[in-house]
Amino acid sequence: MQLKEQLPAAENVTLKFPGLFAFGDSILDTGNNNNLATVAKCNFPPYGRDSVGGIPTGRIGNGEVLSDLIAEGLGIKELLPAYLDQTCRALISLPVYALRQGTLSLVKQLELFKEYIVKLTGIVGEERARAIIASSLFLVSAGNNDILISYSLIATKLHYDFPSYAALLVSMASTFLRYSVT
């Protein structure tokens, strides 16, 4: 029997995730940059013009960002709240912005994730928190801003050619993933 025959048809599969955790840059950020001391903000027009009420939310784009679209498509939530939003009571996602201009590094994002786990454990207990984390979906977006900004402005000055710079980014992402799993 071939593997394809063993798998159920896509229309019969329902994926259920209790949460969505997004790490990386602006492609996934749901507005955490609004609460950071950075010039990299998107809480003004024309950003958000296609969102509900046409209000800028801090998302880089006209409305929803990739993490919103994935969460909505999987039935998790229509719009993900920004973890750093002080009015946010729904602890469901941790999308954060990772430019180098006063925004959050991946290491800082992991520290916030650990903070989130402590909060979640306090709300639902250790056993349920572990189950939620273990069965949640994790997104990682790395490299978009690094290629656009860092390579063009910094890496070329440090004498990286693009293949060696791309290898460095892959190495950093791999280190992040190994660190986050442990």
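This report describes the strands, helices, cores and selected loop residues of a predicted model.

## Basis of the report

Residues are numbered from 1 along each chain as its sequence is written, and side-chain values use heavy atoms, with hydrogens and water left out.

Helices (H or I, at least four residues) and strands (E, at least two) are DSSP runs, numbered from the N terminus. A residue is called buried under 20% relative accessible area, exposed over 50%, and partly exposed in between (1.4 Å probe, protein chains only).

## The paired strands E1 and E2

Strands E1 (20-24) and E2 (137-141) run parallel and are joined by five bridges; two strands count as paired if DSSP finds at least two bridges between them. Leu20 has Leu137 of E2 as its bridge partner, and Gly24 is partnered by Ser141 of E2.

Five of the five residues of E1 are buried, so this strand is largely enclosed by the rest of the structure. Leu20, Ala22 and Gly24 point one way from E1, while Phe21 and Phe23 point the other way. In E2, the covered face consists of Leu137, Leu139 and Ser141, and the uncovered face of Phe138 and Val140.

## Helix H2

Helix H2 spans residues 66-73, and its buried residues are Ser67, Asp68 and Ala71. Seen down the axis of H2, these buried residues fall within an arc of 100° (taken from the directions from the helix axis to the C-beta atoms), so they line one face of the helix. They pack against strands E1 and E2, where contact means heavy atoms within 4.5 Å.

## Helix H3

Helix H3 has 19 residues and reaches 26 Å from its first C-alpha to its last, close to the 27 Å expected at 1.5 Å a residue; the expected span is 1.5 Å times one less than the number of residues. The buried residues of H3 are Gln109, Leu110, Leu112, Phe113, Tyr116 and Leu120. They cover an arc of only 155° around the axis, which puts them on the same side of H3. Val107, Val118 and Gly122, on the other side of H3, are exposed.

## Nonpolar cores

A nonpolar core is a set of buried Ala, Val, Leu, Ile, Met, Phe, Trp, Tyr and Cys residues joined through side-chain atoms within 4.5 Å. The largest one has 13 residues, and those with the most contacts inside it are Phe21, Phe113, Tyr116, Leu120 and Ile133. E1, H3 (106-124) and H4 (126-134) each give two or more residues to this core, and the largest share, five residues, comes from H3. Another core, of eight residues, lies apart from it and includes Leu20, Ala22, Leu28 and Leu137.

## Loop residues and backbone geometry

Asn32 lies in the loop between E1 and H2 and counts as buried because its relative accessibility is 0%. A polar atom of the Asn32 side chain lies 3.0 Å from the backbone nitrogen of Tyr83, and the side chain of Asn32 also reaches the backbone nitrogen of Leu84 at 2.6 Å.

Most residues other than glycine have a negative phi, and most peptide bonds are trans. Pro46, in the loop between E1 and H2, is joined to Pro45 by a cis peptide bond with omega about 10°.

Technical notes: Predicted model: local features only at pLDDT ≥ 70, side-chain atom pairs only at ≥ 80, totals over all residues. Polar contact = N/O pair within 3.5 Å; in protein donor to acceptor, adjacent residues only side chain to side chain.
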